[in-house]
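Okay, everyone, thanks for coming. Have a look at the screen and I'll talk you through it.

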Amino acid sequence: MSDFGNYGGGSMEAKKQQVMDQVRSELALANAQELINKINEKCFAKCVTKPGPKLSGGEQDCLSKCMDRYMEAWNIVSRTYINRVQRESQNAGGL
């Protein structure tokens, strides 16, 4: 029988933490990519009515405001979700 706890010279807990950190990093990257894709999709559709070689001043202003609002909303939703998960985790631990 092999000893998984000493695999690679590290403890099992350290390996587990390393994997969890990697998963968190990949999730953060995926969320950032999704945010950028959604901003591009939604704000472009809303602000650029007649695509051309350059953006007009109004289109630039619209895109800037749209991106700011979208990111603000994304951050609010993210913080709320994280707080909820933390509360539920704490409540589950107290049972």
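How many salt bridges does the count come to by this rule? Before I answer, a quick note: this is a predicted model, where local features need pLDDT of at least 70 and side-chain atom pairs count only at pLDDT 80 or more, while totals for chains, interfaces and linings use all residues. Residues are numbered from 1 along each chain as its sequence is written, and side-chain values use heavy atoms, with hydrogens and water left out.

So, the count comes to 3. A salt bridge here is a side-chain nitrogen of Lys or Arg within 4 Å of a carboxyl oxygen of Asp or Glu.

Arg-24 meets Asp-21 at 3.4 Å, N to O. Both sit in helix H1, 3 residues apart, about one turn of the helix. Helices, by the way, are DSSP runs of H or I, at least four residues, numbered from the N terminus.

Next, Glu-41 and Lys-42 pair at 3.9 Å. Then there's Arg-84 with Glu-88, at 3.0 Å, 4 residues apart in helix H2. Arg-84 is partly exposed, at 48% relative accessible area, and Glu-88 is too, at 44%. Buried means under 20%, exposed over 50%, and partly exposed is in between, using a 1.4 Å probe and protein chains only.

Now for Glu-59, which lies in H2, residues 57-93. Glu-59 is buried yet has no salt bridge. The nearest side chain of opposite charge, Lys-50, is 8.9 Å away. Lys and Arg count as positive, Asp and Glu as negative, and His and the chain ends aren't counted.

Technical notes:
Helices (H or I, at least four residues) and strands (E, at least two) are DSSP runs, numbered from the N terminus.
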